Amino acid sequence: MVFALTDEITFPDPHYGDPDGLLAVGGDLSTDRLILAYSNGIFPWYAFQEGMIQWWCPLERFVIFPDEIHISHSMRTLMNKGKYDVTINQAFDEVIRKCGELRMDMEGAWLGQEMIEAYTLLHEQGFAASVEIWEGEQLVGGLYGVTLGRCFFGESMFSLVPSASKLALIHLAQFFGEHGGVLIDCQFETPHLKSMGGRYISYEEYMELLQS
């Protein structure tokens with residue numbers, strides 16, 4: 001069942017959503033609603049060209065545990081070369097805009113101006129973060145997501161050179177693990193994320209980790 005949200009900042013029980021994880025439509029992208037959503041494992045998909053905010057909460061969660069990040073031999077070689085520099089929260093605006101620009105022509109594109117403004121506000125309030133990959137002074141890759149407690153909810157990533165987004169994810173996992181992070185939510189499975197250690201856990205286990 002897919003629920004229609006009202007102006008009240010609440011969400012239905014995710015167990016009543018559609019089997020594919022679609023839970024609700026409507027509502028807004030206010031900071032309070034976004035924080036409530038992520039606190040319950042719910043995330044928005046705003047197909048802005050259709051003018052509809054969708055809220056998703058799959059009951060099988062595809063995640064990466066920081067200490068399970070897989071670093072291939074080729075990635076270790078790339079990291080040892082020191083070709084790229086990595087920073088955190090030094091270019092959030094550039095990262096989120098680049099993620100949006102590179103997907104603007106895709107069907108179901110979600111990173112329109114409203115989403116960018118909403119997550120930039122989250123970042124300004126300390127609830128969203130970015131990882132940047134630099135080649136000299138040029139931004140060549142990165143990722144951004146929401147941070148709540150000891151969990152990171154990945155939203156999008158991009159690469160302008162081979163393996164830049166992988167490097168960003170590895171750095172995130174290492175940094176996050178070193179600072180007490182317990183979970184990186186990948187939202188949906190991709191071959192890219194599965195090859196780097198992503199796996200499924202139940203919604204119940206997911207919420208236990210989130211609430212811890």
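Predicted model: local features only at pLDDT ≥ 70, side-chain atom pairs only at ≥ 80, totals over all residues.
In strand β8, the bridge partner of W134 is L139. Residues are numbered from 1 along each chain as its sequence is written, and side-chain values use heavy atoms, with hydrogens and water left out. Helices (H or I, at least four residues) and strands (E, at least two) are DSSP runs numbered from the N terminus, and two strands pair if DSSP finds at least two bridges between them.

Let me stay with β8, residues 138-148. Towards strand β7, residues 128-135, the pairing is antiparallel and runs over eight bridges. The two strands form a hairpin with two residues between them, and in that turn G136 has a positive phi of about 65 degrees. Strand β9, residues 151-159, also pairs with β8 in the antiparallel sense, over eight bridges. There, V146 stands opposite F153 of β9. The hairpin of β8 and β9 has two residues between the strands, and G149 takes a positive phi near 60 degrees.

I turn now to the salt bridges, of which the structure holds six. The term denotes a side-chain nitrogen of Lys or Arg within 4 Å of a carboxyl oxygen of Asp or Glu.

One of them joins R61 and D185, at 3.0 Å from N to O. R61 belongs to strand β5 (residues 60-64) and D185 to strand β10 (residues 183-185), so this pair ties together parts that are 124 residues apart in sequence. Both residues are buried.

Another links R199 with E68, whose closest N and O atoms are 2.9 Å apart. Because R199 lies in strand β11 (residues 199-202) and E68 in the loop between β5 and α2 (73-81), the pair connects parts 131 residues apart in sequence. R199 is partly exposed at 35% relative accessibility, and E68 is partly exposed at 32%.

Finally, D93 and R97 meet in a salt bridge of 3.0 Å, N to O. Both lie in helix α3 (residues 92-101), four residues apart, about one turn of the helix. D93 is partly exposed at 37%, as is R97 at 31%.

Note on methods:
Buried < 20%, exposed > 50% of the residue type's maximum accessible area, 1.4 Å probe, protein only.
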